[in-house]
Amino acid sequence: MTMTIADRFRTAVDQRDLAALDDLFTDDIRLYSPVKFTPFEGKPMVLGLFGVLLRTFEDFHYVGDYTGTAQTSTDGTPAPSAVLLFRARAGGKEIHGIDLLHFADDGRIKEFTVMVRPQSAVHALGEAVLAGLVEDGLVPAEG
């Protein structure tokens, strides 16, 4: 059985394998986060964010998936897409969420949108991720 890019992505996340994620992302990937209005842009920033996320989430696991086509936020064109449903904890809060992946013509992930609920979990996740980004030097500390 041939693994799809979504399958390879799930495996890389399950194994916390940033090198495998690097191979799956386009250089100009954009990640839309529930904790920041503007996207994280470019492979170095998105990989850095994933390093923080993999440390922040507790008991992260995917619980389902859907595939199809959806318009991207980047240019509004339809692209092959996958939705991966997940459950996790962060900051003591249970999180339900989805990862929406849009694929480039070469099959790699070009756009990534994360949606989570409930609001209390979004807040706890945002605080934990910001602290990790500052700790890793990816964003400046707020003064």
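## The overall layout

Starting at the N terminus, the elements of this protein follow the order α-α-β-β-α-β-β-β-β-α. That makes four helices and six strands. Keep in mind that you are looking at a predicted model.

The radius of gyration is 14 Å, close to the 15 Å that the globule rule gives for 143 residues, so the protein is as compact as a globular protein of that length. Along the principal axes, the C-alpha atoms fill a box of roughly 45 × 30 × 30 Å. Of the 143 residues, 43% count as buried. Among contacts with a separation of 6 or more, 51% are made by residues 24 or more positions apart.

## A look at helix H4

Helix H4 covers residues 119-135. How far apart are its end C-alpha atoms? They are 24 Å apart, which agrees with the 24 Å that 17 residues should span at 1.5 Å a residue.

Which residues of H4 are buried? They are Ala 121, Val 122, Ala 124, Leu 125, Gly 126, Val 129, Gly 132 and Leu 133.

| Element | Residues |
|---|---|
| Strand E2 | 40-41 |
| Helix H3 | 43-56 |
| Strand E4 | 78-90 |
| Strand E5 | 93-103 |
| Strand E6 | 109-117 |

Just after H4 comes Gly 137, which takes a positive phi of about 75°.

## The space inside

Now for the empty space. Rolling a probe the size of a water molecule over the atoms shows where such space is left. The structure holds one cavity of 30 Å³ or more, and about 220 Å³ of space lies in the largest cavity. This cavity is lined by 21 residues, and the closest to its centre are Phe 50, Leu 53, Phe 57, Asp 99 and Val 114.

Which elements give two or more residues to the lining? They are helix H1 (5-14), H3, strand E3 (58-71), E6 and H4. H3 gives the most, with four residues.

What kinds of residues make up the lining? They divide into 18 nonpolar, one polar and two charged.

Terms used: Residues numbered from 1 in each chain as written. Predicted model: local features only at pLDDT ≥ 70, side-chain atom pairs only at ≥ 80, totals over all residues. Heavy atoms only, no water. Expected span 1.5 Å × (residues − 1). Buried < 20%, exposed > 50% of the residue type's maximum accessible area, 1.4 Å probe, protein only. Contact = heavy atoms within 4.5 Å. 1 Å grid on protein atoms, 1.4 Å probe; cavity = no way out; pocket = protein on both sides within 12 Å on 5 of 7 lines; lining within 4 Å. Points joined across faces, edges and corners; volume = space filled by probe spheres on them. Nonpolar A, V, L, I, M, F, W, Y, C, P; charged D, E, K, R; others polar. Rg over C-alpha atoms; globule rule 2.2 N^0.38 Å.
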